[in-house]
Amino acid sequence: MKNMLFWRLCAIIGLGTVVLFWAIDWLTNHTETSMSFIAKEHQQQLLEYGRQAENILQNEGENALAVWLKELQRKEDTWAAVVTSQITPFADSILSETFTEQFRLGRNVEWKIHLYFQQNPTMEVPFSDSSNHFLIRLPQRMRPGAMLTYAKIILQIALPLILLSVLSFILYQHVMRPLRRLESTTKAFSEGNFDARINVSQLRRNDELTRLAATFDQMAERISQLINNQRQLLADLSHELRTPLTRIDMAVDFLQQQINPQQAIERLRYEANTMRNLVEDTLTLAWFNTESPRLDSDSFDLVELIQVICDDARFEYPNRKLSTLLPEKALITHSSQLSLGQAIENIIRNGLRHTPEESTVQVSLSKTDFGFELAISDQGPGVPEELLTDIFKPFFRVDKARLSNSSIPHKPPIRGFGLGLALANRQVAAVGGSITAKNIYTANNELCGLLITISLPSKNRN
């Protein structure tokens, strides 16, 4: 779902707010209700006052009761009295038995007291004969709800603060959990651990922060590949440069000693060209690896491009046969003629270089649903099956001895350092295509050559 984190936070905040208001309302009502009843000891005290009044009236008379009432009022700083409940109906009125039983002059000591009324209620304790009643305005010391103010402060300030703090902590943990992983992984990556990843699958969630973590992992993977590729290219380049540099040193020594100076000069030119080609190809490959460009500025006829490349190759390798099977026209748009031409030239020349003399390299182009498919097959020794994907790696060579097999003396082999197919692979990918290689076998299952296939879109819309 889009904006998952937003909806999740809305749900948590909304639910938390509802729970907060519900909890405050329930606790407020429950607290007020529980604080609205007279304490048990005070209830017992009021009932005891009623029994004392009844005993004094029965045993000592009204005068003694009057003295006791005055003393009680002074003691409790309130009003108290003993009254009768003579209710005489008239005009043929009849009092129901229920009314007579439930009639009260004051409140029962077990009843709820209204905390928001300023005046204390009158409490009633009926005598045992129910004809007389002890009445007393509830003493202030017995009034319930003395802690109501503090309870309100707790319920209206402390409780919301605690619940909101808990809600904030939940939200904080929910948001910060992937951010902490991102922080620690970023720190590890910046310290040189290029294998550090967040591993989104371990987060067990799917929201904007998860997508951020996934994007970071993709970025880290890309940067790690770039750094490793650059390191490998530098290591391979430094290794490959040692041989021509050593030969240059030897040629310089020969010149200083006047030993075959002409051959030494030719060797210097040869090694300089070798180093130039090596450095240029390495820099080009590094650019493709780093930038991952999408080349889509040209529109051209692929048949015409292949014919020009084949004409140049026939001139350079006159002792090989190069046959073509091409349609009349193959229009490609949004591509790159330069990069595609260099890639095709690399592959054709690579096939000619490894094909024996008087043998044939076949170039064919066909139309597909995707675009075009260019097949280049040679009659060389092929490549071991387990190495068919490795030949597109930089500086990879199946047989380094092939570097010395050049049909033109004193001329350096073109891209003879294992960069040709690697460059071709990057160049084809840059125009939206793909390249594969497979061996060719005879009917007797004997290896008789290598087939490289390039799939190209007719309209590259990268």
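Start at the surface. Select Met147, Tyr150, Ile153 and Ile157: together they make a nonpolar patch with about 440 Å² of accessible area. A patch here joins residues with over 30% relative accessible area and no salt bridge, nonpolar side chains (Val, Leu, Ile, Met, Phe, Trp, Tyr) within 5 Å and like charges within 9 Å. Accessible areas come from the Shrake-Rupley method with a 1.4 Å probe, and for residues only the protein chains shown count as cover.

This is a predicted model, where local features need pLDDT of at least 70, side-chain atom pairs count only at pLDDT 80 or more, and totals for chains, interfaces and linings use all residues. Residues are numbered from 1 along each chain as its sequence is written, and side-chain values use heavy atoms, with hydrogens and water left out.

Zoom in on Met147. It sits in the loop between β3 (132-137) and α5 (148-190). Helices (H or I, at least four residues) and strands (E, at least two) are DSSP runs, numbered from the N terminus. Met147 has a relative accessible area of 49%, so it is partly exposed. The scale: buried is under 20%, exposed is over 50%, and partly exposed lies in between (1.4 Å probe, protein chains only).

Next, show α5 together with α1 (residues 4-34). Their axes are 10 Å apart, and the packing angle is about 160°. Axes are lines fitted to C-alpha atoms, for helices over the stretch in contact; angles run from 0 to 180 degrees between N-to-C directions. The two helices, α1 and α5, are therefore roughly antiparallel (under 35 degrees is roughly parallel, over 145 roughly antiparallel, 65 to 115 roughly perpendicular, the rest oblique).

Now turn to charge. Side chains of opposite charge can pair when their charged atoms come close. The structure holds 11 salt bridges, each a side-chain nitrogen of Lys or Arg within 4 Å of a carboxyl oxygen of Asp or Glu.

Select Asp207 and Arg8. Their closest N and O atoms are 3.3 Å apart. This pair links distant parts of the chain, 199 residues apart: Asp207 lies in the loop between α5 and α6 (208-256), Arg8 in helix α1. Which of them is buried? Asp207, at 0% relative accessibility; Arg8 is partly exposed at 24%.

Move to helix α2 (residues 40-59) for Arg51 and Glu48, which are 3 residues apart and so separated by about one helical turn. Their salt bridge has its closest N and O atoms 2.8 Å apart.

Last stop: Lys393 and Asp390, bridged at 3.0 Å between the closest N and O atoms. Lys393 is partly exposed at 45%; Asp390 is buried at 16%. Finally, select Arg247, Arg267 and Glu271, which salt bridges with shared partners join into one network.
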